[in-house]
Amino acid sequence: MNLLRFYGDHAREAFGLLGQHLVLVGASTLLAILIGVPLGVLLTRRPAWRGPVLGLANVFQTIPSLALFGFLIPLPFLGGIGARTAIVALVVYALLPIVRNTYVGISGVDPAVREAGRGMGMTDRQLLTMVEIPLGLGVIFAGVRVATVVGVGTATIAAAIGAGGLGVYIFRGVSTVDDTLILAGALPAALLALIADGLLGLVERRFAR
Amino acid sequence: MRVGLLSALGLALMGGGCSHRERVVVGAKNFTESDFLAELLAQQIERRTGLPVERRLHLGGTYVCHEAITSGKIDLYVEYTGTAYTEILKHPPMADADSVYRVDSLEYAKTLGLTWGRPLGFNNTFAITVRRADAEKYGLRTISDVARIAPQLRAGFGYEFLQRADGFGGLARAYGLRFAAPPTAMDLGLTYRALAQGNVDLIAGNSTDGTIQALDLVALEDDRHYFPPYDAAPVMRTELVTRHPEVVRALAELAGKLSAAEMRRLNLAADVEHRDIAALAREWLAKNLP
Amino acid sequence: MTAVLEVRDLSYRLPGAGDRHLVTALSFSVAPGETLVLLGRSGSGKTTTLKLINRLLEPTSGEVRLQGEATATLEPYRLRRRIGYVIQEIGLFPHFTVAQNVGLVPRLEGWPPDRIAGRVRELLALVGLDPDEFAERSPRALSGGQRQRVGVARALAADPALLLLDEPFGALDPITRVELQREFRALEGRLGKGMVFVTHDVREGLLLGTRLGLMHEGRLAFLGTPEEFRRSNDPQVKQFMEAA
């Protein structure tokens with residue numbers, strides 16, 4: 001098939017783009033977890049912040065991805081052309097599912113369990129690390145899974161601003177009306193999303209209680 | 001009386017049924033100059049022939065527009081002779097402007113059912129562009145000059161330039177260009193910003209772009225004449241030409257009237273001063289073809 | 001002998017509820033080996049009183065002393081580790097084994113693992129659960145009665161001087177409830193701890209309490225032995241006995 005021949009001829013380039021794509025998604029998801037999980041935990045401790053924070057994350061989510069990339073370009077530190085800007089945008093998109101699921105996962109812990117824990121003399125941090133997070137992990141992972149799958153798709157657009165990744169093939173294919181090129185980028189991206197969904201689904205089920 | 005009524009009805013039905021074909025559809029590629037030229041053509045057709053014209057601007061790259069015209073989704077658009085020659089007809093690049101135009105006309109008419117109109121008067125070739133500071137620092141005037149220091153530079157190009165036979169691949173071979181890393185691929189519109197901001201050091205812009213002047217950039221001379229000529233001219237569906245020869249006559253008025261300097265000024269007005277291209281086209285027509 | 005628990009003039013006002021007090025001027029004490037049963041209707045302030053003792057709620061005024069020390073001077077979590085707490089819904093950690101649940105406070109207090117293991121076995125046996133059979137089980141695999149036995153064992157793990165129990169058998173079926181009440185009564189004598197036991201069930205109160213306190217609208221309407229309670233002419237007591 002044409003596609004297989006294409007991959008044969010361009011193996012190194014294709015792997016390079018796949019690697020770039022994985023870096024874009026991996027780095028942004030990781031950052032989103034590092035920011036989003038503590039933020040979600042904070043929301044369970046400060047209920048007054050819940051509305052504004054979740055509302056803000058929701059607004060970010062509704063911004064069309066190409067538009068967000070465009071907005072970020074002129075910014076002094078976070079912007080410019082390339083992978084860094086793309087990662088910033090991808091982090092923004094990953095935040096809502098992760099923050100919200102962390103909040104829901106932790107606040108969904110049985111109140112009796114929480115009361116018993118506090119009543120027995122657990123500090124807030126012990127309650128969080130020994131009870132709330134372990135019990136909420138399943139839901140938190142569901143959020144990570146959604147963020148990752150969305151990230152794989154959104155990362156294809158990053159090629160428009162010079163960030164590389166599988167989107168390069170797609171854009172090249174679109175500008176030259178070359179279906180093989182388009183598929184060369186779109187197919188692995190779709191597969192990547194499916195694999196990520198499956199793997200993280202396994203992890204999620206293992207932790208779900 | 002009855003015959004009159006019937007023929008009137010018949011004409012009305014025919015008119016109603018064919019009304020969508022009486023409309024002329026003008027397409028454009030996805031950059032300002034192409035949009036402007038499409039608008040220019042559209043207004044010229046409207047004012048000279050009274051035919052309704054629909055604009056489909058900013059469609060996509062060369063291949064997208066070619067798809068659109070061969071499949072009948074648009075009736076005409078402005079193409080560049082060299083681009084048609086190397087990208088559509090797949091010939092190796094050639095330098096003689098007249099020969100390129102002749103071959104384009106003949107083969108388009110014969111194999112694609114498309115007719116070339118008269119060139120508008122300017123050549124918009126690829127402009128290999130660097131920042132003025134770098135041009136002065138390294139003494140860069142021609143592309144051969146930049147080939148000397150290419151390993152120290154980062155290049156950035158749009159997707160079409162990277163893919164085309166008369167694009168980066170051929171250029172690199174013709175001049176022995178070897179950059180530090182493979183060029184970064186990005187949306188064509190972003191390449192000027194990337195160059196100005198220092199994300200890249202060399203791009204392939206267009207010689208009639210207004211931004212070159214506005215951003216204090218320098219276009220290098222193609223000393224080895226690698227790029228073929230890119231004369232802008234309307235390409236029309238032969239069907240349209242046959243049915244509406246008045247369209248061809250109207251567009252022929254534009255032949256040779258638009259210089260490269262003029263085009264550059266118009267691009268500057270549209271891109272940098274953010275002026276409305278429909279207004280610019282109206283002004284230009286009022287002044288040059290009253 | 002110092003009282004295990006001393007409550008003096010304890011009051012609690014709900015924040016932002018104007019002048020409405022859930023508990024008003026409560027005073028009582030509990031000696032080692034004594035079980036004070038707090039009776040009363042829903043909303044009478046029984047559960048609130050328990051939470052004021054272990055500072056899950058902060059008193060508005062008044063004083064609570066545990067083994068002579070003012071509870072207000074202790075860090076809340078340190079205070080709570082010295083008090084056993086058993087609630088109606090039990091609240092066992094579903095992701096811990098029975099042994100891990102029981103050994104929680106000792107673990108928080110940094111006991112060496114074998115000391116914890118030994119203590120767990122001892123307590124499981126005490127509450128009538130065979131350690132070999134139950135130690136490694138998940139709470140999900142237990143019946144309601146078994147779970148509350150674990151709940152009691154957990155509360156006793158660090159050998160607290162005071163136990164607070166909030167309707168511990170309320171969620172169990174009548175047969176299991178009676179069974180656990182009987183066993184608990186036997187346990188009370190052996191443990192020698194001070195206990196405050198909240199219930200709305202008069203029979204349970206009369207069975208398990210060394211003293212009974214009847215709460216009505218946040219105040220202690222009656223405080224005395226079960227006998228005194230039965231013979232009392234206090235209108236509140238009579239009303240409660242009739243309605244119960």
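In chain B, Gly156(B) has Ile203(B) of strand 8 as its bridge partner. Strand 6 (residues 155-157) and strand 8 (residues 202-206) of chain B run parallel and pair over 2 bridges; pairing requires at least two DSSP bridges between two strands. Strands (E, at least two residues) and helices (H or I, at least four) are DSSP runs, numbered from the N terminus. The model is predicted: local features need pLDDT of at least 70, side-chain atom pairs count only at pLDDT 80 or more, and totals for chains, interfaces and linings use all residues. Residues are numbered from 1 along each chain as its sequence is written, and chains are lettered from A in the order in which they are written.

The open sheet of chain B has 5 strands in the order 7-6-8-5-9, with mixed pairing. Strand 7 (184-185) and strand 9 (217-219) of chain B are its edges, each pairing on one side only.

In chain C, helix 7 (residues 144-156) packs against helix 8 (residues 174-191) at about 30°, with the axes 10 Å apart. Axes are lines fitted to C-alpha atoms, for helices over the stretch in contact, and angles run from 0 to 180 degrees between N-to-C directions. Helix 7 of chain C is therefore roughly parallel to helix 8 of chain C (angles under 35 degrees). Gly144(C), Gly145(C) and Gln148(C) of helix 7 meet Thr176(C), Glu179(C) and Leu180(C) of helix 8.

Chain A contributes 15 residues and chain C 16 residues to their contact (C-beta atoms, placed from the backbone, within 7 Å). On the side of chain A that touches chain C, helix 6 gives the most, with 6 residues.

Terms used
Two residues are in contact if their C-beta atoms, placed from the backbone, lie within 7 Å. Angles under 35 degrees count as roughly parallel, over 145 as roughly antiparallel, 65 to 115 as roughly perpendicular and the rest as oblique.
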